[in-house]
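Morning, everyone. Have the model open on your screens, please, and follow along as I go.

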Amino acid sequence: MKTTDIPPAGVVEGRPPAVKTDPPPARAPKSEGGVLNVFSHGVLVIWAIMVVLPLLWAVMTSFKSDKAIFTSPWSLPDALHWDNWSRAWGQAHMSDYFLNTVLVVGGSLVGTLVFGSMAAYVLARFDFPGNRFIYFLFIGGMSFPIMLALVPLFYVLNNIALLNTLHGLILVYIAYSLPFTVFFLTAFFRTLPTSVAEAALIDGASHTRTFFQVMLPMAKPGLISVGIFNFLGQWNQYMLPTVLNTDPDKKVLSQGLVELAVSQGYKGDWSGLFAGLVMAMLPVLAAYVIFQRQVVAGLTAGALK
């Protein structure tokens, strides 16, 4: 009996078999990243407006007359009254306050970076008994409220004849800023390659020379970042100088601004007050604008290792 082959299902006799093709891939669902990106940018724009507008308004008001400040507070000044700045700089003694602040903050910033970097380098690179205990002591100093230390600091400085002195205030600022500086730089020094320090030691360099000539230049981004944070905190410090520095000739900017604001109740020199306020803000804004790239680089250096 003659048999015939039955072609498989889907195959027509005399034609090549159809090639099975995969169905087209399903279209990926629309990502929600765009919505989140728009939302985050919107929040940043709102935050920028809330920060920038008061600053611009203060700068604009510093060039107005006292009458224009009250009659048209939101309008542009009809003329630039530079006498407001000269009056605040001379008659309100802002020049003396500014000089005292530069001396105190400059000395304390240098001391904080030198002592903080040395302590952080030792804690990050050397293992010795009590290493972690000393490190956590510095960490604990960050959580200690400064208000609890005001009375002891007052009596300590009074007993060692450093009360109402600029160098006494510098030492207090250094002690106040060391915990955060050591905490920040310890983590930064741990990210630096140990091979460089080992090579310097093999070449005959001492630990001191290795630190100052090799490791410290490598830690420049971290030093700039922590320096900016300390500069902002020390420049705007008010509580410590108010308690420990009551000499009128040695007052800093924050004390001078408060004294100038209190005197407005009797003199009404509001234009001079705004001029003094802008004078106090300009160094902080300039420092951030100049070093903003270094701040970001220092904060991300450990994450990008």
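Start with the nonpolar surface patch, about 890 Å² in area. Val45, Ile46, Trp47, Ile49, Met50, Val51, Val52, Leu53 and Leu56 make it. Patch rules: members have over 30% relative accessible area and no salt bridge; nonpolar side chains (Val, Leu, Ile, Met, Phe, Trp, Tyr) are joined within 5 Å, like charges within 9 Å. Areas are Shrake-Rupley with a 1.4 Å probe, and for residues only the protein chains shown count as cover. Take Val51 from that list. Val51 sits in helix H1, residues 33-61. Helices here are DSSP runs of H or I, at least four residues, and strands are runs of E, at least two, all numbered from the N terminus. Val51 is partly exposed at 37% relative accessible area. On that scale, buried is under 20%, exposed is over 50%, and partly exposed is in between, with a 1.4 Å probe and protein chains only.

Ground rules next. This is a predicted model, so local features need pLDDT of at least 70 and side-chain atom pairs count only at pLDDT 80 or more, while totals for chains, interfaces and linings use all residues. Residues are numbered from 1 along each chain as its sequence is written, and side-chain values use heavy atoms, without hydrogens or water.

Now the pocket. A pocket is an open set of points on a 1 Å grid over the protein atoms alone, where a 1.4 Å probe fits, with protein on both sides within 12 Å along at least five of seven lines; lining residues have an atom within 4 Å of a point. What lines the largest pocket? There are 20 residues, with Ile146, Ala175, Tyr176, Ser177 and Pro179 nearest its centre. Helices H5 (131-142), H6 (150-159), H7 (166-191) and H10 (220-235) each give two or more residues to this lining. H7 has the largest share, 7 residues. By type, the lining has 15 nonpolar, 5 polar and no charged residues. Nonpolar covers Ala, Val, Leu, Ile, Met, Phe, Trp, Tyr, Cys and Pro; charged covers Asp, Glu, Lys and Arg; the others, Gly among them, are polar.

On to charges. How many salt bridges does a search of the whole structure find? It finds 3. The cut-off is a side-chain nitrogen of Lys or Arg within 4 Å of a carboxyl oxygen of Asp or Glu. Asp83 pairs with Arg87 at 3.4 Å, N to O. These two are 4 residues apart in helix H3 (residues 83-90), so about one helical turn separates them. Asp247 meets Lys250 at 3.2 Å. Both are partly exposed, Asp247 at 22% and Lys250 at 26%. Glu259 bridges to Lys251 at 3.1 Å. Glu259 is partly exposed at 40%, but Lys251 is buried at 18%.

Last, some backbone. His93 has a positive phi of about 60° and is not a glycine. His93 lies in the loop between H3 and helix H4 (94-125). The C-alpha atoms of His93 and Leu253 are 9.8 Å apart, across 160 residues of chain. Leu253, in helix H12 (residues 253-267), is buried at 2%. Asn164 also has a positive phi, near 60°. Asn164 is in the loop between H6 and H7.
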